[in-house]
Amino acid sequence: MRRRRIMMVVFIVTALVAAAGLALMPRTYSATAALLLEPREEQPVKVVDRGVLAPADDNLIDTAVQIIRSPTVALAVVRRLHLARRPEFAATGDADAAPDAPASAPGGEGTSAAERRAMAHLLGSTAVKRIGVTYLVEVSASSRDPQLAAGIANEIAQAYIDLETEQRLASSSRTTSLVQDRAGSLRHQAVSDDAALQTYMVRNNLMSAEGATMAEQEVSELNRQIAQAQAEVAEQRGRLAAATGQIARGGGGADIGAALASDTVRQLRQQEAETSARLAQLDARYGDRHPEVVQTRDELSDIRSQLNSELGRIVSGLRGDVQIAESRLSSLLASRNRARGALAQNGSAQVGRFELERRAEASRAIYNAYLTRAKETAEAGEIPDTEARIASPARTPGAPSSPNYPLGALAALVAAIMVAGLAAGVAEYVESSVSTKHDIVDVLGAAYAGAVPSLESATKAQIAGIDPQDYVLMRPMSLFTESLRALATFLDLGTPDGSRVVTITSPLPREGKSTLSMSLARTLAMGKRRVVLIDADVRHHSTSDALAPDRRAEGLFRVLDGTRALDEALILDKRSGLHVLTTMGQTGPEDAITEDALAALIAALRARFDIVMFDSAPLLGIAETRVVTRLSDVTLVVARWRRTPIKAIRAALDLLGQGGTRIGGVALNVVNIQEYASAGLTDAFSYYKKFKGYYVD
């Protein structure tokens, strides 16, 4: 609060300088494009590519970020947007950014100095960063032209996409060429291995079909035919046994299966039945000897003879079938023995065959894999696919990013506050005047007598045109008057054993000592004490002008030289009861204060008054002040708050000490009580707000 004026001025100046700086700074616009880096989940042609961005491999995304910031991408953007022709990019940068680069490398001899400067500026004005742990990458560009800033950000993203696509296609083309060349050589190898296998199988009679060799298939087929032949032999033998058994049992072969199936046997059986029936009828009718009966009996005998002959032929046929089946079985068994011999002979040749088959199968598998890979890479190279795309294009910014006016204003405000505070601190540090109790006690080593506030800070009443010495009469219970009573108490004035003669002085003029003397004297006089105030400042006599402006008679010097009585020289202040011994007119060499005369005057005043108070001249410039202080009981040094230099007070205290003067203390005068209290000093005024109800201002 004491330095508020300095702080306000410095604050305003700093704020104005900061505002001017913000206004003069060039405007820069920033635009941001978002690039999405992720592998496609579905591809038209499935290609196993080890360069695809894996979701769990963050290093690949970080690598992509570095590629986006590479000189290759920067050079492509410079050339596409013709940045080397723009003054913003041509005026800055390092033309020798890459002096050792080859002619074909970005920034090397293949680029001009203007392009290298533009690349350096572009790399310095762009930023690429990954957003968290996502697949999004922010590409930010700054420029004085808002449209150019957005164009640069979008062009950097597109340049990376084009570079990545170009590299992928080149890699796919190289892979396709290598795979096709390798597939051709592998095809010849597979054909050669197949031919060697076929030749070996033909040479060793190992030709196979349906997964088995011919010998194996022959043995298998013979086994199947032998099983059928054995079943057939058993079946034929069963039929023959059944037929012979039926005949042996006397059945006449009626139940033989082959006979039942024979049409001739069925006709003969039918004829036999019909003839037997007719014979029975004729025998019953004509008798045993009848010619027709005899003829019919002979006919029946002939039919039965034919039937037996037919059954014999059938049994003979069954025997022939059994022999044929047994002969066929014997032949098949012999053939199988021969086939097994050939199969055993081919067993040793199978080892070589298996080795050739494995080699041929491996050659075919590798050839098929390379052939499939060649087709896939060829198809994938024709598909315009990429693992990067612009997720959010940069838009033309509407407001500049630099300078940031809100942030700049906040920074200017903070800077102004800091500079103002620093200025206040510096002013406080370099302060050479007395302003606190600490300055008096710790710096000067003197007693702190107290502080007397300025009338303006001690009251809120209208005091225009009112002098402090008159205010104590108007407001005897005010804070200002109470501070004077506290000062008198400190000096121990008016008590029987206390000081009775007090001198009030100051190191320099205009410290307010005369006003303080008059106010203090009137305050003591209103307290029913007999008080006399002697104006010992013979050159300015401010007390005499204030308390006795109409009196022209000389007082002090006429009493000292004995030309006038003391009672005639004293002037009574009727308002307070204070007696005043004035000093009027111009003084000369003859008007000098001698120590003997002054001592006699003090002795006379002691006899008549309780308190004798001298308002002396400033100590450092007037010699007679030292005489007055030496003859006094106590001397009060008055210093004006925040005006009197500490060195002046120290010099005054040294002079008083050398003359043997009893120094009562140093009092601060004309103190701004609000500022003094806000400093948190250990003084009674620090708590004056708590005692407002005790004062009548």
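## Terms and basis of the model

A residue is called buried when its relative accessible area is under 20%, exposed when that value is over 50%, and partly exposed in between, with a 1.4 Å probe and protein chains only. By this scale Arg 606 is partly exposed, with a relative accessible area of 28%.

The model is predicted, so that local features need pLDDT of at least 70 and side-chain atom pairs count only at pLDDT 80 or more, while totals for chains, interfaces and linings use all residues. Residues are numbered from 1 along each chain as its sequence is written, and side-chain values use heavy atoms, with hydrogens and water left out.

## The chain as a whole

The chain contains 23 helices and 14 strands, where helices (H or I, at least four residues) and strands (E, at least two) are DSSP runs numbered from the N terminus. Of its 697 residues, 41% count as buried. The chain exposes about 37300 Å², and carbon and sulfur atoms supply 53% of that area; such accessible areas come from the Shrake-Rupley method with a 1.4 Å probe, and for residues only the protein chains shown count as cover.

Contact means heavy atoms within 4.5 Å. Among contacts between residues at least 6 apart in sequence, 79% join residues at least 24 apart.

## Helix H3 and its surroundings

Helix H3 covers residues 71-81, and its buried residues are Val 73, Ala 74, Leu 75, Val 77 and Val 78. These buried residues pack against helix H2 (58-68), helix H5 (113-124) and helix H6 (146-203). An α-helix has 3.6 residues a turn, so residues three or four places apart point the same way. After H3 comes His 82, whose phi is positive, near 55 degrees.

Arg 79 forms one with Glu 115, and the closest N and O atoms are 3.4 Å apart. This pair links distant parts of the chain, since Arg 79 is in helix H3 and Glu 115 in helix H5, 36 residues apart. Arg 79 is partly exposed, with a relative accessible area of 41%, whereas Glu 115 is buried, at 16%.

## Other salt bridges

The structure holds 19 salt bridges. In one of them the side chains of Asp 615 and Lys 513 meet at 3.1 Å, N to O. Asp 615 lies in strand S12 (residues 611-616) and Lys 513 in helix H16 (residues 513-526), so this pair ties together parts that are 102 residues apart in sequence. Both Asp 615 and Lys 513 are buried.

The side chains of Asp 633 and Arg 606 meet in a further salt bridge, at 2.6 Å, N to O. Asp 633 is in the loop between helix H21 (624-631) and strand S13 (634-640), and Arg 606 is in helix H20 (residues 595-608), so the pair ties together parts 27 residues apart in sequence. Asp 633 is partly exposed, with a relative accessible area of 22%. Elsewhere, Asp 470, Arg 522, Asp 573 and Arg 575 are linked in a network of salt bridges.

## Aromatic rings

A search of the whole structure finds one aromatic pair. Tyr 471 and Phe 480 form this pair, which is edge-to-face, with 6.3 Å centre to centre and 70 degrees between the planes. Rings of Phe, Tyr and Trp (its six-membered ring) pair if their centres lie within 6.5 Å, and planes under 30 degrees apart count as stacked, over 60 as edge-to-face and the rest as tilted. Tyr 471 and Phe 480 are both buried.

The charged end of Arg 642 sits over the ring of Trp 641, 5.2 Å from its centre; the term applies if NZ of Lys or CZ of Arg is within 6 Å of the ring centre and within 35 degrees of the ring normal.

## Surface and loops

On the surface, Leu 407, Leu 410, Leu 413, Val 414, Ile 417 and Met 418 form a nonpolar patch with about 570 Å² of accessible area together. Patches are made of residues with over 30% relative accessible area and no salt bridge, like charges being joined within 9 Å and nonpolar side chains (Val, Leu, Ile, Met, Phe, Trp, Tyr) within 5 Å. Leu 410 is placed in helix H11 (residues 405-429) and is partly exposed, with a relative accessible area of 48%.

Arg 510, in the loop between strand S8 (501-505) and H16, has a positive phi near 60 degrees and is exposed, with a relative accessible area of 72%. Lys 528, in the loop between H16 and strand S9 (531-536), has a positive phi near 65 degrees and is exposed, at 78% relative accessible area.

Conventions. Salt bridge = Lys/Arg side-chain N within 4 Å of Asp/Glu carboxyl O.
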